[in-house]
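Here is a short briefing for a first look. Start with the sequence and structure below, then read on by topic.

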Amino acid sequence: MPSNPPLLALLLHAHLPFVRHPEHGDFLEERWLFEAITEVYVPLLQVIEGLRRDRVPHRLALSLSPTLLDMLDDPLLQRRFVRHVDLRLEFAERELTRTAGDERLRRVVELHRELFRRARDCFVDEHGSSLVPAFRRLQEAGSLELLTCGATHGFLPLLAASPGAVEAQVSVAIAEHRRFFAAAPAGFWLPECGFAPGLDEVLARHEVRWSVVESHGILDAVPAPVHGTFAPVVAPSGVAFYGRDAETSRAVWSAAEGYPGNAAYRDFHVDVGFERPSEELRTLLPPTGDRVPVGFKYLRVTGAGRTKEPYDPDLAAERVERDAADFVDGLARRIGAASALMRRPPVVLAPYDAELFGHWWFEGPAWLDRVARRIADGSPGFELGTPSDDLARNPVVQQAMPAASSWGEHGDASVWIAPGNDWIPRHLDGACERMRAVATEMRGATGLARRALAQAARELLLAQASDWPFLISRGTAANYAEARVRAHLGRFARLHDDLRRGTLDEAWLAEVERRDDVFPEIDPEVYTGGGRRPAV
Amino acid sequence: MGEKRGKDDGPPRLEDLAGRLLGSVLDLGFALWATARDVADFSVRAVRAAADALLDASLPSPGRDDERRRPRPGAPGGRGDGDESPSRTGAKARAEAGRAAADATRAPRPEGGIGTGTDPFSPPLPADEERDRLVAVERDPATLFAWWDVTVETRDRARAELDRAGDRADGEPRTVLRASIEGAPPKDIDLPPFATSGYVDRPDRGEAVELTLGLARGGRFAPLAGPFLVAARPAAGDRSVAIWRRVGSGGAEAVVPGAVPPDSATPTEATAPSREESDRLVELALGQPTTGSPPWPAGRSRGPDHGSSTGLPSSR
């Protein structure tokens with residue numbers, strides 16, 4: 001392998017909105033976190049630790065959103081996760097009894113029991129109920145480069161219209177990253193890959209060195225990039241931008257032709273939570289009695305128009321091997337072709353939502369493992385690396401300003417500004433303006449007033465999450481998403497008004513602090529930076 | 001309206017019919033007024049009738065959602081791309097899940113639950129922002145989205161200004177969003193009276209546009225909020241002009257081609273590929289040919305279509 005080989009920069013973006021409801025004993029949306037721990041984060045840690053144990057060269061970029069970090073670090077949610085997985089282990093035992101006469105099905109049940117058993121053992125015994133230090137250790141060992149993203153995953157091109165909003169999202173994110181990992185990140189994941197010219201200046205102020213935009217964000221850059229998306233561009237502010245590689249995305253993301261849709265893989269949608277009598281699922285369904293997925297999925301995709309067949313782990317494993325080979329071989333050909341046209345080694349930036357691997361695509365972690373091992377044997381002619389590795393080896397970069405873009409449908413902001421959710425920006429903007437004013441006027445406040453200012457900043461950040469308008473536009477969990485926006489904006493409004501009038505209710509404030517306890521060290525003046533409102 | 005008539009009361013009298021008609025008109029008028037008051041935005045292409053009052057009346061409860069699963073993160077192809085999940089029967093399964101959820105017995109909602117409307121920790125949103133301001137952002141290359149607030153005092157002042165300047169016989173002033181482009185007469189877009197946001201077509205060539213909210217009557221215009229300048233959309237870049245920077249821990253500094261000594265350990269050659277090589281690199285990047293016109297209009301690139309059948313190169 002040459003000293004400066006082409007790179008595949010695999011970037012996993014791990015994010016969940018802040019879903020913590022201490023006011024309820026069992027809240028459905030908290031399961032998003034528990035499912036991700038079981039199916040994504042624990043398996044990912046195990047894949048990386050396996051590569052390290054086997055001395056397989058590897059290096060991945062991993063974005064951990066601040067809200068996800070806070071939830072992983074939260075004792076209440078940690079306890080609830082253990083309860084969540086214990087209930088499933090109990091159910092698995094009952095299922096094993098029920099399927100004693102069906103060897104094929106029983107084997108699948110055993111696989112699920114093993115999944116939950118590994119999750120519990122890893123979470124509790126190996127990592128003391130906190131996964132965050134594990135990620136830190138892997139970064140220190142060189143396996144991972146950790147990056148951050150917007151504090152609450154706000155869609156920054158939209159927030160840029162409100163002075164101080166982007167600054168708050170970026171500065172709080174970096175402060176949280178420092179709190180957990182004792183160092184500032186070199187990379188910053190733009191939520192939804194949402195970029196607009198000018199955002200790079202905010203990143204540059206916080207010494208971010210690189211970020212990622214959608215493919216057309218690079219291909220439409222000004223001036224046009226001479227290397228397509230096979231090399232980054234650097235904005236005049238000094239921040240380098242990598243473009244998502246379309247082909248590797250299509251290979252995994254595409255519903256029509258992506259790997260996860262293969263007939264051998266576990267079917268995501270057919271879950272025993274919708275199939276079995278309620279009394280059998282009593283301990284797994286929410287208190288409302290709603291039918292929801294419970295994490296036991298026994299069938300494989302099988303194929304259109306066919307009766308779904310029981311999942312076959314051996315068949316799936318064979319398919320994983322083939323799909324990993326297909327991915328690596330195809331990429332090797334493209335990289336080879338690009339190398340012949342370039343005077344620097346090409347870099348392919350392949351970002352994915354981390355939750356794809358293990359949750360949506362059950363076999364995803366195994367596929368990642370096989371891909372890493374195939375690349376490591378040297379034959380493909382490229383290595384796994386991160387954008388920081390690329391910049392260190394190839395510091396001469398074409399200057400260009402990426403185009404306004406996102407990885408949402410249509411590649412623009414239309415998902416987050418659409419009938420159904422377009423009432424939100426006006427309220428966020430108004431709240432931001434009021435936050436700046438009250439934080440400026442009460443600069444240096446102490447005691448109760450400072451607590452209220454800090455909580456107001458938290459509420460506004462929580463209302464800004466891009467997840468809420470996304471869910472509303474997709475019509476899934478839309479009511480919950482809308483309620484979240486309203487709740488946070490309503491709490492902000494009351495805090496603001498109480499601060500103005502001097503009518504703070506400490507008991508009410510304490511309860512809101514208990515519920516929305518994200519970013520414990522937030523600076524209440526975080527919204528007072530950011531300059532004047534920019535022209536669009 | 002009117003007393004209930006029994007079936008044996010004979011044909012309806014004209015005054016009863018008139019009364020009922022008047023009642024219906026009044027009911028309809030009230031409904032229109034209430035709807036207009038609650039309209040949160042206008043659109044030149046679509047009218048949105050939802051409002052905060054209607055939304056408050058439809059606050060969520062656990063179990064009312066069709067699908068209580070985690071949809072957002074990691075949805076393959078569904079990262080806003082609109083694709084279905086990889087399962088071939090995903091849509092069918094979701095529909096079934098929705099039916100199952102709708103059929104399931106629901107437990108009573110907990111008191112004070114999020115979004116119940118009675119939760120003391122979910123106070124209502126402010127009805128208005130009590131400020132005068134106009135903001136616009138780009139929604140997509142062809143469309144801007146604008147929102148605004150206007151105080152009662154400002155609206156009264158603007159109206160008084162129009163009254164002083166013009167003839168009240170011209171009728172009620174219209175609330176308009178005035179779009180001004182250099183070198184062209186301004187265009188007024190009529191707004192519903194109580195709208196607070198809306199969509200505006202961007203100028204075809206992506207020119208800068210200045211938006212001002214105001215009252216208009218008889219050719220006169222009194223501003224309410226703004227102006228807000230929307231910068232011109234950058235033209236498509238020229239690949240023949242390449243500027244090179246050296247990126248280091250302290251930021252980026254300029255690189256002068258030819259003045260950089262070759263270094264085998266850290267390659268520093270800043271030589272761009274030829275135009276043909278560059279075109280080929282774009283093809284490889286997208287898996288689409290770039291000969292002739294670009295596959296997308298300049299400035300309106302849509303990125304890779306995740307529903308296309310291109311896939312990996314056919315040589316695999």
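**Briefing: domains, helices and strands**

In this predicted model, the C-alpha centres of domain 1 of chain A and domain 2 of chain A lie 28 Å apart. Domain bounds come from an automatic or database domain assignment. That assignment gives domain 1 as 7-275 + 279-410 and domain 2 as 415-528 of chain A.

Residues are numbered from 1 along each chain as its sequence is written, chains are lettered from A, and ligands are numbered from 1, in the order in which they are written. As this is a predicted model, local features need pLDDT of at least 70, side-chain atom pairs count only at pLDDT 80 or more, and totals for chains, interfaces and linings use all residues.

**Where the domains of chain A meet**

- The contact takes 31 residues from domain 1 of chain A and 25 residues from domain 2 of chain A. Two residues are in contact if their C-beta atoms, placed from the backbone, lie within 7 Å.
- On the domain 1 side, helix H2 (66-72), helix H6 (156-159) and helix H7 (165-181) of chain A each give two or more residues. Helices (H or I, at least four residues) and strands (E, at least two) are DSSP runs, numbered from the N terminus.
- H7(A) supplies the largest share of that side, eight residues.
- By class, the domain 1 side has 15 nonpolar, nine polar and seven charged residues. Ala, Val, Leu, Ile, Met, Phe, Trp, Tyr, Cys and Pro count as nonpolar, Asp, Glu, Lys and Arg as charged, and the others, Gly among them, as polar.

**A helix pair in chain A**

- Helix H1 (residues 31-53) and helix H13 (residues 364-376) of chain A pack at an angle of about 20 degrees, with axes 9 Å apart. Axes are lines fitted to C-alpha atoms, for helices over the stretch in contact, and angles run from 0 to 180 degrees between N-to-C directions.
- H1(A) and H13(A) are therefore roughly parallel to each other (angles under 35 degrees).
- H1(A) contributes Pro43(A), Leu44(A), Val47(A), Gly50(A) and Leu51(A) to the contact, and H13(A) contributes Pro365(A), Leu368(A), Asp369(A) and Ala372(A).
- By class, this contact has seven nonpolar, one polar and one charged residues.

**Strands in chain B**

- Strand S4 (residues 174-180) and strand S7 (residues 209-217) of chain B pair in the antiparallel sense over seven bridges. Strands pair if DSSP finds at least two bridges between them.
- Arg178(B) stands opposite Thr212(B) in S7(B).
- S4(B) also runs antiparallel to strand S5 (residues 187-190) of chain B, joined by four bridges.
- Leu177(B) stands opposite Ile189(B) in S5(B).
- S4(B) and S5(B) form a hairpin with six residues between them. Gly183(B) in the turn has a positive phi of about 85 degrees.

Technical notes. Angles under 35 degrees count as roughly parallel, over 145 as roughly antiparallel, 65 to 115 as roughly perpendicular and the rest as oblique.
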